[in-house]
Amino acid sequence: MAPDISLTLDHSEESVLSDDLDESGEVDLDDLDTPSENSNEFEWEDDLPKPKTTEVMRKGSLPEYTAAEERDDGRRWRMFRIGEQDHRVDMKAIEPYKKVISHGGYYGDGLNAIVVFAVCFMPESSQPNYRYLMDNLFKYVIGTLELLVAENYMIVYLNGATTRRKMPSLGWLRKCYQQIDRRLRKNLKSLIIVHPSWFIRTLLAITKPFISSKFSQKIRYVFTLAELAELIPMEYVGIPECIKQYEEEKFRKKHKRYICTPYLGMHLDKTTCTAQTNSFPTGWLADMNKHL
């Protein structure tokens, strides 16, 4: 058994505090030994091993954001107002495809906007995150359309230089049209499809019974950029370089095909055909384009 310990405050030999108290019974703090400022006696933290920065970042742990990373993450998401609801768009994911929609200036009197939709900037359907990209791109396109349009507007649909893998599905296009605000559907005055392919013309022909007659009357096919320039001012319409190259290549193929064809009833022998390969008769190209 432990011995009994008796603690008393009197000045006896058995008193534990008898030597530490003065006559008044108060403790003199100045006489107590305390560690100095330069002493390491009680600095236990210095004696403990401090982990390195690389040791703190264990596998599976989340790193702390730097100020720059926080700003970048804040810029990644953007809110778009579609109808009566706000939608969040992953701007980082759709960064390579934002050129799909752009402002092409105005036409006529007032703020009649020209909205350019370039299909060549769409993502390919073979991408693993294609559904996620198209969902965010859909919100971006509709939200941007809401911002660009103040009054009446037209859409210039640039279809040239587009592979089948970049063509949006019919369901995606229908969803875009259905999600457009009633004001935007009403104010759409024209849908000009430039360089329409056989596929898109067939697609529109099949869906014609299912769309309104008013909307069908707004659709117009344009086969050259020169023809487009006769309809709208082209000063601010951004034509992608790939579409310009597409049209040039298309013309070269047509010229090669028609160069040995009789010109307006004129007979061309083999010698004349060869000679005309690099030198067309005056007005030949303009007349040919009218009959294509």
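In the hairpin of strand 1 and strand 2, which residue takes a positive phi?

Tutor: Happy to. Please keep in mind throughout that this is a predicted model. The residue you want is glycine 83, with a positive phi near 70°. The hairpin has two residues between its strands. You can follow the pairing to tryptophan 77, whose bridge partner in strand 2 is aspartate 90.

From the hairpin, let's move on to the sheet. Five other strands form an open sheet, in the order 3-4-5-6-7, with mixed pairing. Strand 3 (101-106) and strand 7 (219-222) are the edge strands, each pairing on one side only. From one strand to the next, the twist averages 25°. Within this sheet, strand 4 (residues 113-118) and strand 5 (residues 153-158) run parallel, and six bridges join them. There, valine 116 stands opposite valine 156 of strand 5.

Now look at what lies on these strands. Helix 4 (residues 130-148) lies across strand 3, strand 4 and strand 5, and runs at about 20° to strand 3. Helix 4 has 19 residues and reaches 26 Å from its first C-alpha to its last, close to the 27 Å expected at 1.5 Å a residue. Of those 19 residues, 15 are buried, so helix 4 is largely enclosed by the rest of the structure.

Helix 4 also has a helical partner. Helix 4 and helix 5 (residues 170-179) pack at an angle of about 35°, with their axes 10 Å apart, and the crossing is right-handed. On the helix 4 side, the contact is made by Met134, Asp135, Leu137, Phe138 and Ile142, while helix 5 supplies Trp172, Lys175, Cys176 and Gln179. One of these, cysteine 176, is buried, with a relative accessible area of 9%.

A search of the whole structure finds zero disulfides. Cysteine 120 is itself buried, with a relative accessible area of 5%.

Notes: Residues are numbered from 1 along each chain as its sequence is written. This is a predicted model: local features need pLDDT of at least 70, side-chain atom pairs count only at pLDDT 80 or more; totals for chains, interfaces and linings use all residues. Side-chain values use heavy atoms; hydrogens and water are left out. Two strands pair if DSSP finds at least two bridges between them. Helices (H or I, at least four residues) and strands (E, at least two) are DSSP runs, numbered from the N terminus. Axes are lines fitted to C-alpha atoms, for helices over the stretch in contact, and angles run from 0 to 180 degrees between N-to-C directions. Contact means heavy atoms within 4.5 Å. A disulfide is a pair of cysteine sulfur atoms within 2.5 Å. Buried means under 20% relative accessible area, exposed over 50%, partly exposed in between (1.4 Å probe, protein chains only). The expected span of a helix is 1.5 Å times one less than its number of residues. A crossing is left-handed if the near helix is turned anticlockwise from the far one by less than a right angle, and right-handed if clockwise.
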